[in-house]
Amino acid sequence: MPSKRKAVASKKIKATENSDPSSASPPNSDRDTASTSTGTTPAAALPSTNNGNTDSILDRSKARFALARPYDTLLQQKGGALSALTPAEQSAWLSARIASRLARRPVFASSTAASPPSSNSGSSFGRDLRGAACGGGPKTLKEVWRTVNEASLPLRAAAVPLVKGLEEGISVKEFEARWERKVWLTCSDVASRCFKEKRERERRGEREEKTGERVIVTGQEIFEETGRRQQMAALRTELYGGGVRKDGKLAADPEWDDVVPVVLEEPEGALAAIAYPPEYAEAMSYLRAVMQAKEHSPRCLRLTEHIIGMNPAHYTVWLYRAANVFALKLPILDEIAWLNEVALENLKNYQIWHHRHLLVENYFPTIASDPAAISAFAASEREFLRQILAEDTKNYHVWSYRSYLVGKLGQFDSAEELQAIEAMIDEDVRNNSAWSHRFFLVFSNPEHATPGVAATEPDPKVPQAVVDREVDYAKGKILLAPQNQSGWNYLRGALVKGGRKLGTVEEFASGFVKGLGQGEEGEQVQSTHALDLLAEIYAEKGDKEKADLSLRRLGQKWDRIRVGYWEWRRKCLETPA
Amino acid sequence: MAHTAERSEPVLDIDRHLRYWKMCLQSSLPRHYLSNEGNRMALAYFIVNSVCILTPPPSETQQDRKPLIAPGDRRKIRQWVLSHQQPGGGFAASSSLVFPVKGYEQWQSETGAQEDVEGPGLANLPATLFALQILALLADENDEAGAFSGVDRVQTLRWLRRLQRQDGSFGEVLKLLPGHGWFIGGGYDMRYCYIAAAIRWVLRGDVREGEPGWVEDFDTERLAEYILSSQTYDGGFAGSSQEEPHAGYAYCAISALSLLDRPVEGSTAPHRSEVLYSGIRNMPGLIHWLSSRQFVYLEPEPPSSDAEYGEREEDEEVNFLLPKRLSDLSLSENLRYVACNGRCNKVADTCYTWWVAAALANLGKGDLLDWQPLRRFLLEKMAHRIGGFGKHPGGPPDVYHSCFGLTALAVMGEPGLNELDGALAVPTRAVGVIEKARAVLLRRSSGEERDSAARAVELGRAMRGARPAWLGAVGGG
């Protein structure tokens with residue numbers, strides 16, 4: 001790598017020493033910019049360039065700019081009027097201008113114009129020079145070159161200070177460090193191109209010229225290239241900022257070299273844009289590309305995992321993942337195992353459960369004729385559900401999946417399933433999700449449920465023993481928490497299923513209501529749900545008055561927030577809804 | 001009501017809410033919305049719908065308040081929405097799923113040939129309804145009937161049909177799975193049933209078989225039966241009959257049924273849905289269940305330390321405190337706030353006030369609610385000081401809950417807000433726009449305006465030199 005000192009200093013070429021302006025060759029391009037001035041130039045007036053470590057790079061650039069045009073600078077210092085300069089300075093100023101203009105000409109076509117003629121200067125020189133500026137004759141030009149040579153003037157100078165933008169404010173030291181990084185980036189880029197070239201040759205199945213062996217990119221080389229690209233990406237960001245990113249995880253991965261990401265552009269009028277992380281934007285642009293190409297491959301599977309890690313709620317990504325799993329014929333159980341991890345990290349996620357549902361739909365046919373395999377699978381799923389419900393006992397999606405699984409795997413009669421639900425209700429008697437699942441488990445059991453009978457309808461095929469068991473179960477739990485509506489709803493639901501009158505539990509419900517209508521002191525209600533049920537029981541029996549009293553007391557005292565509802569129920573006693 | 005007269009009723013600070021929505025309109029949503037990236041059209045709907053609910057029609061504006069969305073911006077947003085339309089019908093849910101046109105070239109919508117092209121796999125059911133709603137909400141005031149111009153009605157209705165499952169329910173997306181053919185993705189979710197019924201109502205209209213613009217309907221009877229059989233033993237509605245009832249699903253079930261026989265014209269007048277009233281097996285049970293979603297919101301004791309506060313965030317019980325004694329519930333001071341939950345024994349959440357109130361309103365039973373304490377709960381506990389509503393008391397606002405806080409207030413007739421259509425969840429004004437815009441699409445398909453379209457196709461064909469393969473997919477003859 002070139003040294004930083006040389007990098008900066010190499011531009012400073014002494015333009016004058018030993019140069020021979022009278023030779024036939026035009027000023028050569030090596031004499032391009034500034035000159036550390038010697039001789040007659042007014043260098044003393046210029047800022048020093050030697051303490052570069054403390055100057056900013058902009059200062060230095062300005063200094064070089066000034067050095068390259070010493071008489072312009074002098075003119076400026078003297079107020080800008082040409083008359084303020086001495087005649088010698090005037091002619092030096094003019095010569096410098098003309099010479100630099102000549103030097104900037106791409107080709108010296110004419111030999112006469114190219115060779116500065118030797119001639120004495122005269123009083124008419126100033127006028128001649130002006131003529132030369134407009135394309136003057138050989139004599140004048142000769143005079144120009146003589147003056148330029150004597151004054152040791154730089155022939156080419158940058159038109160404007162060179163340093164701009166990012167680099168403007170930095171110190172020389174920083175600039176040098178920056179330069180070093182640029183060189184490193186260039187070197188890395190060369191190495192990276194070599195890698196790509198080799199990989200291309202591998203794809204074409206070429207052989208090494210010397211050994212005749214097939215070109216093979218080794219794992220080590222890929223590893224190094226990945227590291228190199230990450231380094232390059234970091235360097236690019238550091239040097240040029242994060243504007244255009246070519247530095248993502250996937251761009252750095254040689255595995256993805258052949259994919260041109262379909263970058264998303266937000267059109268005008270776009271609403272609800274989300275300030276999402278650049279890694280996400282990058283991954284989505286690769287996803288768009290592979291989805292369009294209908295690619296199904298291990299790397300696509302990894303890509304979905306990468307995106308799901310950032311956003312587990314994107315239904316498209318999950319469906320695309322499923323497509324990959326099926327296309328690659330991956331073992332479903334492996335995918336389920338992977339999913340378990342993801343699910344535990346993303347409890348509230350909805351898509352995970354669809355994915356699982358879909359996997360089970362495809363896995364089940366492979367074990368459908370093997371009861372032992374079904375039991376084993378049911379047991380492992382039940383264990384997983386136990387874990388996840390321990391984190392969030394009422395997660396709707398988990399419970400939905402659970403009821404699906406019961407149906408799919410035929411677990412209605414599984415003692416373990418019923419026990420698992422009872423354990424959850426024992427733990428929290430208000431867990432309505434568990435209650436609902438129990439109702440499904442018991443009353444949708446194909447052993448005794450009539451197909452097509454709705455959940456709200458009686459089912460004569462359900463054995464009375466089952467109804468008895470469920471009524472007793474609900475009663476037992478109501479006694480633990482009389483104001484828990486879950487138990488009451490279950491009780492009522494079980495009675496309806498069994499085709500029983502609500503009145504069959506009148507005595508039980510009455511246990512929670514004492515002294516109805518007997519004044520503020522006498523009336524004791526332990527459960528509004530009991531009083532609600534009693535109102536229905538009285539109506540069922542035709543005792544409108546007592547039903548009305550129950551509803552009135554609910555609205556007046558025991559459940560005032562629902563007074564509108566209780567009043568409506570009272571009206572329904574007259575004209576049923 | 002007798003209780004709580006001592007404190008004055010809170011006022012809905014419309015300007016403050018508009019400021020919140022202005023922020024959502026004008027800058028990117030923060031990073032934590034990333035999980036909704038796949039439902040961006042829904043976020044857009046929440047924003048646009050809320051702005052429209054908060055903005056009275058120009059004739060009723062007292063002050064010279066500049067509309068939050070200028071007419072020029074309306075057009076731009078509509079263009080953006082239309083850019084999500086898929087050649088196989090329907091709309092994509094997110095800009096990240098809109099591909100450059102060449103991505104669809106091989107898709108043949110008519111024949112279903114070239115089925116390996118992803119085309120229809122990117123259209124999404126909820127996104128399609130939200131897109132149509134936004135188009136209606138942001139119609140040009142001078143050209144409301146043109147709100148759906150650019151919408152491919154026929155293709156979208158055909159695609160909608162393909163999303164219906166054997167059991168009558170709907171999924172949200174079609175996906176070609178290797179070795180499995182087209183798969184109807186999405187869970188067994190009452191929301192999709194509702195949205196399918198809504199899209200059908202918005203686009204289909206009264207067209208008889210054989211008439212121009214006729215598209216085969218999906219199986220409405222089967223959908224109705226699927227919904228009706230999802231009523232649960234306790235009266236509520238679930239995603240399917242074997243799951244736990246949920247207020248959001250109850251709303252969806254009721255609204256979907258009412259949309260199935262809703263008149264296509266003059267529909268904002270009250271209509272008694274036969275499908276709904278004679279279909280639901282246990283109507284008293286449903287009303288009972290919906291009324292039971294209200295509960296007395298008892299304020300938790302202020303946390304004694306920050307650490308405890310942190311724990312509380314995690315702890316659901318805080319939003320569902322049980323009274324020490326049942327008779328405490330009759331104390332007036334405890335009746336100031338009433339919240340709604342989505343399921344039995346679950347916590348308060350802004351959106352359930354909407355799902356419950358709107359479900360009852362759609363049954364013509366909105367007056368069963370004692371609205372004042374519910375309203376107080378929204379305005380004093382859920383509204384945030386920067387505008388918008390949070391999910392839980394004291395929580396930060398988000399577009400979902402902020403929108404449904406407003407729709408809840410609007411459906412119950414909050415002064416200063418636009419009147420809301422309970423079944424379509426947009427201001428009634430937008431429902432009028434939908435009716436007009438649908439009529440124009442139908443006229444177009446009946447040939448009145450077909451000539452100009454045909455000429456444009458001819459011109460394009462001449463310029464390209466051949467009939468592009470995707471032409472069929474975008475509706476060109």
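Is A:R438 buried or exposed? In this predicted model, A:R438 counts as buried, at 1% relative accessibility. Its side chain is paired. A:R438 forms a salt bridge with A:E422, and the closest N and O atoms are 2.8 Å apart. A:R438 lies in helix α18 (residues 432-443) of chain A and A:E422 in helix α17 (residues 415-427) of chain A, so the pair ties together parts that are 16 residues apart in sequence. Side chains of opposite charge can pair when their charged atoms come close.

Chain A gives the setting for this pair. Chain A holds 25 helices and two strands. Of its 577 residues, 49% are buried. Contacts in chain A with a separation of 6 or more are 65% between residues 24 or more positions apart.

Two single residues show contrasting surroundings. A:S188 sits in helix α8 (residues 172-204) of chain A. A:S188 is buried, with a relative accessible area of 6%. Leaving aside residues up to four places away in sequence, A:S188 touches A:R228 and A:M232. A:E345 belongs to helix α13 (residues 332-345) of chain A. At 63% relative accessibility, A:E345 counts as exposed.

Now back to charge. The count comes to 60 salt bridges over all chains. One of them joins the side chains of A:D559 and A:R562, at 2.7 Å from N to O. A:D559 is buried at 7% relative accessibility, and A:R562 is buried at 12%. Elsewhere in chain A, salt bridges link A:E200, A:R201, A:R203, A:R204, A:E206 and A:E208 in a network.

Chain B has a salt bridge between B:E244 and B:R343, whose closest N and O atoms are 2.9 Å apart. This pair links distant parts of the chain, 99 residues apart. B:E244 is in the loop between α7 (220-228) and α8 (247-260) of chain B. B:R343 is in the loop between β6 (338-340) and α12 (350-362) of chain B. Both ends lie inside: B:E244 counts as buried at 5% relative accessibility, and B:R343 counts as buried at 8%.

Cysteines are next. Over all chains, the count of disulfides is zero. For B:C340, the nearest cysteine sulfur is that of B:C351, 10 Å away. B:C340 is buried, with a relative accessible area of 1%. B:C344 is in no disulfide either, and the nearest cysteine sulfur, that of B:C340, is 13 Å away. B:C344 counts as buried at 4% relative accessibility.

What do the two chains share? The contact takes 85 residues from chain B and 79 residues from chain A. The area buried between them is about 7,300 Å², with 62% from carbon and sulfur atoms. In chain B, B:L34, B:Y233 and B:L326 lose the most area to chain A, together 12% of what that side buries.

Polar links cross the interface too. Between chain B and chain A there are 31 residue pairs in polar contact. Elements giving two or more residues to chain B's side include α3 (71-82), α6 (190-203) and α10 (283-291) of chain B. The most comes from α2(B), with five residues. That side divides into 41 nonpolar, 26 polar and 18 charged residues. Across the interface there are two salt bridges. In a salt bridge, the side chains of A:E457 and B:R281 meet at 2.9 Å, N to O.

Note on methods. Residues are numbered from 1 along each chain as its sequence is written. Chains are lettered from A and ligands numbered from 1 in the order in which they are written. This is a predicted model: local features need pLDDT of at least 70, side-chain atom pairs count only at pLDDT 80 or more; totals for chains, interfaces and linings use all residues. Side-chain values use heavy atoms; hydrogens and water are left out. Contact means heavy atoms within 4.5 Å. Buried area is the accessible area (1.4 Å probe) that two parts lose on being put together, summed over both. A salt bridge is a side-chain nitrogen of Lys or Arg within 4 Å of a carboxyl oxygen of Asp or Glu. A polar contact is a pair of N or O atoms within 3.5 Å; within protein, one must be able to donate a hydrogen and the other to accept it, and residues adjacent in sequence count only if both atoms are side-chain atoms. Helices (H or I, at least four residues) and strands (E, at least two) are DSSP runs, numbered from the N terminus. Ala, Val, Leu, Ile, Met, Phe, Trp, Tyr, Cys and Pro count as nonpolar, Asp, Glu, Lys and Arg as charged, and the others, Gly among them, as polar. A disulfide is a pair of cysteine sulfur atoms within 2.5 Å. Buried means under 20% relative accessible area, exposed over 50%, partly exposed in between (1.4 Å probe, protein chains only).
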